[in-house]
Amino acid sequence: AMDIALRVEGLKELRKLLTPVENLYTVAWSKGMHSMSKDSGVSARGGAPIATGKLRDKIINAVQKKPMPLWIAVRNRARRRNRITKKQFPYPRILEYSPKHGHKGWFSRAVRLVWGSAEVYLGRIGDDILRKWEHG
């Protein structure tokens, strides 16, 4: 067996020097992802069919809990109970995919409005990074 050892002198100092650069883009990226997530949730709640409001109230938006999040999600976990069998079923899924109820595609259309304009959010992130770069 052959062992290879690598020693980098000054690694701590190098990391300290790179930290401001990481902060330059991670804060702007995280802020942009949170903004897109929030707007996606608002759009989905605005596009939700309203009878009682329970469906709309169950819509949540989430961002990956990391300094530099890689995903956002908009979820609706509303459930409804069948009157005969008493079993619960995912009510939003039925409204999203069934043409029978007249709301087919309500969720994807609402969220796609925001996600289709991702370049706007990316532009804002870029502007924030540039502003921080130029003004410290």
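Which residues make a nonpolar surface patch of about 400 Å²? The patch is made by Tyr-25, Met-68, Leu-70 and Trp-71. The structure discussed here is a predicted model.

Met-68 is partly exposed, since its relative accessible area of 31% falls between the limits of 20% for buried and 50% for exposed.

**Confidence and helix 3**

The pLDDT of the chain averages 83, and 90% of the residues score at least 70. Among the elements of the chain, strand 1 has the highest mean pLDDT (91), whereas helix 3 (residues 91–97) has the lowest (81). Arg-93 is a residue of helix 3. The C-alpha atoms of Arg-93 and Ala-62 are separated by 19 Å, and the two residues are 31 apart along the chain.

| Residue | Relative accessible area | Class |
|---|---|---|
| Met-68 | 31% | partly exposed |
| Arg-93 | 56% | exposed |
| Trp-106 | 3% | buried |

**Aromatic rings**

The structure holds 1 aromatic pair. In this pair, the ring centres of Trp-106 and Phe-107 are 5.2 Å apart and the planes stand at 70 degrees, so the arrangement is edge-to-face. Trp-106 is buried, because its relative accessible area is 3%, and the limit for buried is under 20%.

A further contact involves a charged side chain and a ring: Arg-124 lies over the face of Tyr-121, at 5.2 Å from the ring centre.

Definitions and conventions
Residues numbered from 1 in each chain as written. Predicted model: local features only at pLDDT ≥ 70, side-chain atom pairs only at ≥ 80, totals over all residues. Heavy atoms only, no water. Patch = residues over 30% accessible without salt bridge, like charges linked within 9 Å, V, L, I, M, F, W, Y side chains within 5 Å. Areas by Shrake-Rupley, 256 points an atom, 1.4 Å probe, with all protein chains shown as cover. Salt bridge = Lys/Arg side-chain N within 4 Å of Asp/Glu carboxyl O. Buried < 20%, exposed > 50% of the residue type's maximum accessible area, 1.4 Å probe, protein only. Phe/Tyr/Trp six-rings, centres within 6.5 Å; stacked < 30°, edge-to-face > 60°. Lys NZ or Arg CZ within 6 Å of the ring centre and 35° of its normal. pLDDT = per-residue confidence, 0-100. Helix = DSSP H or I, 4+ residues; strand = E, 2+ residues; numbered from the N terminus.
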